[in-house]
Amino acid sequence: MAKNNVSDFIDFNALLKTYLSKWYLFVISVIVCVGIGYLYCRVHQRPIAVRANVLIQQDDSNPMAELGGMGSLLGAKGYVEDEVFVIGSHSLFKNVARELGINELHYVSDGFLKKHLAFPDFPIDVVAPGIADTLMSTVTFKIKVNKEGLADIKAKVKSDVIAEVEDVKLPVTLNTAYGDFTVVATPTYPKGKSVKTNIIFMGYDVAAEELDKDIMAFRGSKKSNVICLGLDTPNALYGTAILDKIIEKYNERGINEKNLQGEKTAAFLKDRIALLSEDLNESESAIQQYKERNKIIDVSAEASYQTGKRGQTENALFNVEKEIELLKLTREFLADSLNYSELIPTTVASGAVQAAINSYNGLVFKHLELSQNAKQNSYALRQLTRQMDLMRANLLVSSQKALGNAELNLAKLQRENREIAGKLGNIPTQEREFISMKRQQEIKQQIYLFLLQKQEENAMLLANSVPKGLVIDDAFSYSEPLGLSKKIILMIAFILGLIIPPAFLYLHKLLRSKFETKEEVERHVSAPILGEMCVDRSGRSLVVSPTDTSSATELFRLMRTNLQFMLGGENDKVVLLTSTRSGEGKSFISLNLAATLSLLEGKRVLLVGMDIRNPQLANYLGIAPNPGLTNYLSTTNVPLESIIRPMAGIANCDLIVAGPIPPNPAELLASKRVDDLFAKLRTMYDYIVVDSAPVGMVSDTFTLDRIADATVYVTRINYSTFSDLRFVESIYQDKRLKKLSVVVNGTASKRGYGYGYSAKTAAKHKK
C-alpha cells in the first residue's frame with residue numbers, strides 16, 4: 001500500500017512554500033489583472049441612471065362615456081397596462097429619434113482608449129437628408145482630423161468598407177451605395193486641434209429599435225397608475241433629453257388622439273342632432289294633427305272633463321226625472337176631487353209652480369181656519385173657495401206646462417249623456433295612441449336635449465385639451481453613477497490577481513498527469529526514496545569528479561550514502577538501475593552513481609550497460625560500442641578482460657558497454673553465462689552498477705533481478721506520470737524487484753536538501 005502522508009488538515013506550510021516558489025505567477029497575475037482593470041475603467045464609462053415618473057390620469061371627461069358600450073367603441077377610457085405599451089411603442093421612439101437626431105451617436109476620443117458620448121454638442125456631424133427615413137443598416141464613420149484640418153474618413157457597414165478618403169478638408173461628401181453622406185465641422189469644432197471621433201449613423205427605425213432595447217417602461221406597482229421610465233447612459237444630458245422627449249411625444253400623441261376623438265364625437269353629435277331634430281319635428285306635428293283631428297288638447301284633461309260633465313249630467317237627469325215625477329204627482333193630487341181641501345204635499349223645482357203651490361196651501365190653511373169659525377154659507381168662505389178653485393185651475397195649467405218643460409229638459413240631458421258616454425268610450429283608444437305618440441316624442445326630445453348638452457361639453461373639451469400623462473418627476477439623473485467605482489474595480493482586479501495563481505495551480509494539479517515534486521512521489525509510492533537529482537545544465541554526461549563540489553555531485557554523494565544503507569550486507573554489491581520508459585535519466589544516474597561509488601577509498605566499481613536493446617553509455621562517454629557485453633554473452637571466444645575498459649577521468653571505475661544490439665536480447669539475458677559472469681565480477685569489484693532496460697517497455701530488468709542485490713528505480717519530474725508511480729508501487733508491493741528504492745530526477749537546484757535514509761529503514765530492506 002502507498003504511504004498516506006496526507007494529513008486531515010491543510011498543510012499551510014507546504015502551500016506557502018509552493019506559492020513562494022511560484023511568486024512570479026502572482027506578480028504576473030496581479031500586473032495583468034490590475035492592467036486589465038485599469039483598461040476597463042478607461043474604456044468603460046460608468047452609466048448614470050436617468051429616471052422619470054408619469055401619472056396616467058383616467059379619462060372620465062369623455063362626453064361619450066355615459067353612452068356605455070357606444071362610448072367604449074370610441075375609446076372613452078384607457079388603462080395603464082395599455083399605456084405602458086403606448087409609451088414604449090416603436091412609432092413614438094421613432095418620432096423621438098427624429099426630433100432629437102439621436103439616430104446619430106457621436107463618440108469623441110479623449111485620449112488613449114478613452115472616449116465619451118457627445119450630446120448635445122459634438123465637433124463633427126454627418127449630414128444625409130432623407131436617408132435616415134429608409135436606411136435599415138448602421139453606418140459607422142471613423143474620422144480623424146489632424147491639427148491642420150486634414151481628415152481621414154472611413155465609412156463601414158458592419159465589416160465592409162463602403163467609402164474611404166484621406167487628407168481631405170471638411171466638408172467632404174462620401175458617395176456610397178446607401179446614399180451621399182456629407183461630413184461637416186460643427187460650430188463647436190475646436191480649431192487648431194486634432195479630433196478623433198466615431199459617428200454611428202442609423203435609420204430612424206433602427207434608432208427606435210435601439211431605444212426599445214435601452215429604455216425601461218413599467219408600471220410602478222399593481223395598484224398605481226404611475227408609469228416609470230428609465231435609461232442607463234454615460235451621458236446624463238442625453239438620457240434626460242430622451243425621457244423628456246418621450247413624455248412630451250406621449251402627451252402630444254394623447255392630445256391628438258383626444259382631439260381626434262373629440263372631432264369624431266362632434267361630427268357624430270352633429271349628425272345625430274340633425275336627424276333627431278327632424279324626427280322630433282315629425283313627432284310634434286303628428287301629435288298636433290292628432291289633437292286637431294280628435295278635437296282635444298289634452299287626453300287626460302278631456303277625460304277628466306267628460307267624466308265630471310257626465311256626473312253633472314246624470315245628476316241633472318236625476319233631478320229632472322224627480323221633478324217630472326213630482327209634477328205628475330202634483331197633477332194627480334190636484335185632479336182628485338177628494339183632495340180639494342187638502343194641502344199639496346210635494347215640493348217641485350219649478351219656482352213658479354212651487355210659488356203657486358205655496359199660495360194654494362196658504363189658501364187651504366185659511367179655508368180650514370175660516371170653516372171652523374164662520375158659517376157654511378158666509379161670503380168670506382165663498383170668496384175663499386172661489387180663489388182656491390181659480391188657483392187650483394192655474395196650478396193644473398202651470399204644472400202641465402212645467403211638466404212639458406221638464407220632459408224637454410230630460411230629453412236634452414239624455415242626449416248629452418249619450419254623447420258624453422260615447423266620448424268616454426273613445427278615450428282609452430285615444431289615450432293609448434296619444435301616449436305612444438307622446439312617448440316617442442319625449443324619448444326623441446330627451447335624446448335631443450342630451451346630445452345638445454354633450455355637444456357643448458365636447459366643444460369645451462376640444463377648447464381645453466389636457467395631456468393624459470401628468471408628469472410627477474421630469475427626467476432626472478442620480479448623483480452617483482451605476483456600477484463599481486474605479487478604486488473598487490482595481491481592488492477587485494488586485495484580489496483576482498492574487499486568487500488566479502492558486503486556482504491555476506490547483507486546477508493544474510487536478511488536470512496534470514505528471515508529477516512535479518519529490519513530495520508527490522513520496523505520497524504515491526511507499527518505496528523508500530533513495531535520493532533526488534537536480535537539473536544539470538552543464539551539458540556533461542559525467543558530472544561527478546573527485547574535486548567537483550557542485551549541487552549535482554553533492555546529490556550523488558548523498559545518494560551513495562543512502563545506497564550504502566540499502567546494501568548493508570557484506571555480499572550486497574550489485575545494484576540494478578531501471579525506469580519506466582526511456583528519457584527519465586536512468587543511464588545518466590547509473591553513470592554518475594558508479595563514479596560516485598568509485599570515489600570511496602579502496603573501492604573498485606564496475607558499470608555494466610545491460611540495456612542491450614537501446615544502449616546509451618557508449619554515446620554518453622563518446623567511446624566505441626564494441627566490444628561489449630553482447631559480444632561476451634553470445635560467444636565463448638571473447639575473454640572477459642577484452643570487454644572491461646577503464647572509465648576516463650575516474651579512478652577505480654571500470655565500464656562494460658552493451659555492445660551491438662543482438663537479435664535475441666531476452667534469451668541472451670536469461671542465459672547461464674549472465675549468472676557466471678556476475679559470479680566472477682562479484683569477486684573482482686566492490687560495487688557493480690547495472691544499467692538495465694526500462695521495465696515499462698520490456699521485461700529484461702525482471703529477468704536480471706536474479707543477479708541483483710538492490711534495485712534503483714529512476715523517475716523524472718515533469719516527465720514521468722502518476723500512472724508510472726502506480727506501476728512502481730505495484731512492483732514494490734508485489735516484490736518483483738529486490739530492495740526497490742526510487743530516485744527522483746530533474747528537481748530544481750537548491751540548498752538544504754532534506755535527505756535521510758535511516759538505519760531502521762535500511763535494516764528493513766536487508767531482511
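The following conversation goes through selected features of a predicted model.

Reader: Let us begin with the sheet. How many strands form it, and in what order?

Author: The open sheet is formed by 8 strands, and their order is β14-β21-β20-β15-β19-β16-β18-β17. The pairing within this sheet is mixed.

Reader: Which are the edge strands?

Author: They are β14, residues 529-534, and β17, residues 645-646. Each of these two pairs on one side only.

Reader: Is β14 buried or exposed?

Author: Strand β14 is largely enclosed by the rest of the structure, because 6 of its 6 residues are buried.

Reader: In what sense do β14 and β21 pair?

Author: They pair in the parallel sense, over 5 bridges.

Reader: What about β16 and β19: parallel or antiparallel?

Author: Strand β16 (residues 605-609) and strand β19 (residues 687-691) are paired in the parallel sense, again over 5 bridges. Leu 607 stands opposite Val 689 of β19.

Reader: Which strands does helix α15 touch?

Author: Helix α15, residues 586-598, packs on the sheet and touches β14, β15, β16, β18, β19, β20 and β21. The direction of α15 makes about 170° with that of β19.

Reader: And which strands does α19 touch?

Author: Helix α19, residues 672-684, also packs on the sheet, where it touches β15, β16 and β19. Its direction makes about 140° with that of β19.

Reader: A change of topic: helix pairs. At what angle do α2 and α12 pack?

Author: Helix α2 (residues 23-43) and helix α12 (residues 486-511) pack at about 145°, and their axes are 8 Å apart. The crossing of α2 past α12 is right-handed.

Reader: Which residues make the contact?

Author: On the α2 side they include Leu 25, Phe 26, Val 30, Cys 33, Val 34 and Tyr 38. On the α12 side they include Ile 489, Leu 490, Phe 494, Leu 498, Ile 500 and Leu 505. By class, the contact of α2 with α12 has 18 nonpolar, 3 polar and 1 charged residues.

Reader: How do α5 and α7 pack?

Author: Helix α5 (residues 90-100) meets helix α7 (residues 204-214) at an angle of about 110°, with axes 8 Å apart. The two helices are therefore roughly perpendicular to each other. The crossing of α5 past α7 is right-handed.

Reader: Which residues of α5 meet which in α7?

Author: From α5 there are His 90, Phe 93, Lys 94, Val 96, Ala 97 and Arg 98. From α7 there are Tyr 204, Asp 205, Ala 207, Ala 208, Glu 209, Leu 211 and Asp 212. By class, this contact has 7 nonpolar, 1 polar and 5 charged residues.

Reader: Next, single residues. Is Asn 251 buried or exposed?

Author: Asn 251 is buried, at a relative accessible area of 10%; this residue belongs to helix α8, residues 236-294.

Reader: What is it in contact with?

Author: Setting aside neighbours within four places in sequence, Asn 251 is in contact with Pro 467, Lys 468, Gly 469 and Val 471.

Reader: Where is Glu 554?

Author: Glu 554 is in helix α14, which covers residues 551-566. The residue counts as partly exposed, with 35% relative accessibility. Between Glu 554 and Met 533 the separation is 21 residues in sequence and 9.5 Å in space, C-alpha to C-alpha.

Reader: Now the backbone. Which peptide bond at Pro 120 is cis?

Author: It is the bond from Phe 119 to Pro 120, with omega near 0°. Pro 120 is in the loop between β3 and β4. A cis peptide bond also joins Leu 170 and Pro 171, where omega is about 0°; Pro 171 is in the loop between β7 and β8.

Reader: What is phi of Asp 167?

Author: Phi of Asp 167 is near 50°, which is a positive value in a residue other than glycine. Asp 167 is in strand β7 and is exposed, with a relative accessible area of 52%.

Reader: And what is phi of Asn 652?

Author: Phi of Asn 652 is near 60°, likewise a positive value in a residue other than glycine. Asn 652 lies in the loop between β17 and β18 and is partly exposed, at 42% relative accessible area.

Conventions:
Residues are numbered from 1 along each chain as its sequence is written. This is a predicted model: local features need pLDDT of at least 70, side-chain atom pairs count only at pLDDT 80 or more; totals for chains, interfaces and linings use all residues. Side-chain values use heavy atoms; hydrogens and water are left out. Axes are lines fitted to C-alpha atoms, for helices over the stretch in contact, and angles run from 0 to 180 degrees between N-to-C directions. Helices (H or I, at least four residues) and strands (E, at least two) are DSSP runs, numbered from the N terminus. Angles under 35 degrees count as roughly parallel, over 145 as roughly antiparallel, 65 to 115 as roughly perpendicular and the rest as oblique. A crossing is left-handed if the near helix is turned anticlockwise from the far one by less than a right angle, and right-handed if clockwise. Contact means heavy atoms within 4.5 Å. Ala, Val, Leu, Ile, Met, Phe, Trp, Tyr, Cys and Pro count as nonpolar, Asp, Glu, Lys and Arg as charged, and the others, Gly among them, as polar. Buried means under 20% relative accessible area, exposed over 50%, partly exposed in between (1.4 Å probe, protein chains only). Two strands pair if DSSP finds at least two bridges between them.
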